[in-house]
Amino acid sequence: MDIVKLNNGIEMPILGYGVYQVTPEECERCVADALSVGYRSIDTAQAYYNEEGVGRAVKKSGIAREDVFITTKVWISNAGYEQAKASIDESLRKLQSDYVDLLLIHQPFSDYYGTYRAMEEAYKNGKARAIGVSNFYPDRFVDLAEFCEIKPMVNQVETHVFNQQVEPQKIMERYGARVMSWGPFAEGRNDFFTNETLKAIGEKYGKSVAQTALRFLIQRGVIVIPKSTRKERMIENFNVFDFALTDEDMQEIAGLDQGKSLFFSHYDPEMIKWLVDLVKK
């Protein structure tokens, strides 16, 4: 396992297991499987409604808490200092832990400045070992980073071969923040799993399209959290440290970049209104 060092010196596995869209009923089993495979970083969120499953799996695994890196995120409905502060304690209760390793703002909406103040306080009080943001485009990231006390250590954003976040990554690195990929397989969009470029490069190393795509991101220093509910896929996704892509391979895959989201834009007022309305229901 490769390790990345965050801007406060905390070490984090570059490869973890994500539980987005893993049902609460399945979560404990899936995380237990991931831990048995060797994953030591688990990514969840308040909005996934499966923090309890993560907590139970880690507790029952027999692995020391300090050996598992847990990430969770504060949802929009808990935005603002007071609500965020209370929700952080609730997340810790669900995770059965005194602290979370990485705490993120999930979306850049509502009072995320108040949320971040609550997170800075949690960081100072030892309830979070590292803090950061998720889905912050460069403009909002820079605004927050310039006016907060503790610089964000991570920005989790849509990152895959079709949306490589090349320029945003440079901006994040200016502030010492790491890019963390959600959707490293683009959720199968753009015929991801049959992409001829990834397939041809992977075949040279006896690796799958998924493994090749993960390796590409890892070699760029991007933290990845692939999700699967199948143990054999978890094993496949984990086995990406026994080969390296050449400069030529990297350049060829870089050519797949379309420089835009395959999902949604945070600059789209209609999308934002839909998301806000969803929270208010």
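Because the model is predicted, local features were considered only at pLDDT of at least 70 and side-chain atom pairs only at pLDDT 80 or more, whereas totals for chains, interfaces and linings use all residues. Residues are numbered from 1 along each chain as its sequence is written, and side-chain values use heavy atoms, with hydrogens and water left out.

The protein contains 11 helices and 10 strands, where helices (H or I, at least four residues) and strands (E, at least two) are DSSP runs numbered from the N terminus. Along the principal axes, the C-alpha atoms fill a box of roughly 55 × 45 × 40 Å. Of the 281 residues, 55% count as buried, a class defined by under 20% relative accessible area, with exposed meaning over 50% and partly exposed lying in between (1.4 Å probe, protein chains only). Among contacts between residues at least 6 apart in sequence, 75% join residues at least 24 apart, a contact being heavy atoms within 4.5 Å.

Eight strands form an open sheet with parallel pairing, in the order 3-4-5-6-7-8-9-10. Strand 3 (17–18) and strand 10 stand at the edges with a single partner strand each, so that one side of each is left without a neighbour in the sheet; two strands are taken to pair if DSSP finds at least two bridges between them. Strand 4 (residues 41–43) pairs with strand 5 (residues 69–74) in the parallel sense over three bridges, and Asp43 stands opposite Thr71 in strand 5. Strand 5 is in turn joined to strand 6 by four bridges, the two running parallel, and the bridge partner of Thr72 in strand 6 is Leu103. In a regular strand the side chains alternate between the two faces of the sheet. Strand 6 (residues 102–105) is covered on both faces, with Leu102 and Leu104 buried on one side and Leu103 and Ile105 buried on the other. Further along the sheet, strand 7 (residues 131–134) and strand 8 pair in the parallel sense over two bridges, with Ser134 opposite Gln156 in strand 8. Strand 8 (residues 154–158) is itself mostly covered, five of its five residues being buried.

Among the helices, helix 8 (residues 209–219) has 10 of its 11 residues buried, so it is largely enclosed by the rest of the structure. The buried residues of helix 8 include Val209, Leu214, Phe216, Leu217 and Ile218, together with Gln211 and Arg215. These buried residues pack against strand 9 (178–182), helix 7 (196–205), strand 10 (223–224), helix 9 (231–238) and helix 10 (247–254). Just after helix 8, Gly221 takes a positive phi of about 80°. In helix 9, Met234, Glu236, Asn237 and Phe238 are buried, and the buried residues of helix 9 pack against strand 3, helix 1 and helix 8. Asp33 lies in helix 1 (residues 24–37) and, at 16% relative accessibility, counts as buried. Asp33 touches Lys231 and Met234, not counting residues up to four places away in sequence, and its C-alpha lies 8.9 Å from that of Thr229, although Asp33 and Thr229 are 196 residues apart in sequence.

Several loop residues were also examined. Gln46, in the loop between strand 4 and helix 2 (51–61), is buried with a relative accessible area of 10%. Beyond residues up to four places away in sequence, Gln46 touches Glu51, Thr72, Lys73, Val74, Trp75, Asn78, Ser87, Ile88 and Ser91. Asn135, in the loop between strand 7 and helix 5 (138–147), has a positive phi of about 65° although it is not a glycine, and at 6% relative accessibility Asn135 counts as buried. Asn190, which is found in the loop between strand 9 and helix 7, likewise has a positive phi, near 60°, in a residue other than glycine, but Asn190 is partly exposed, with a relative accessible area of 36%.
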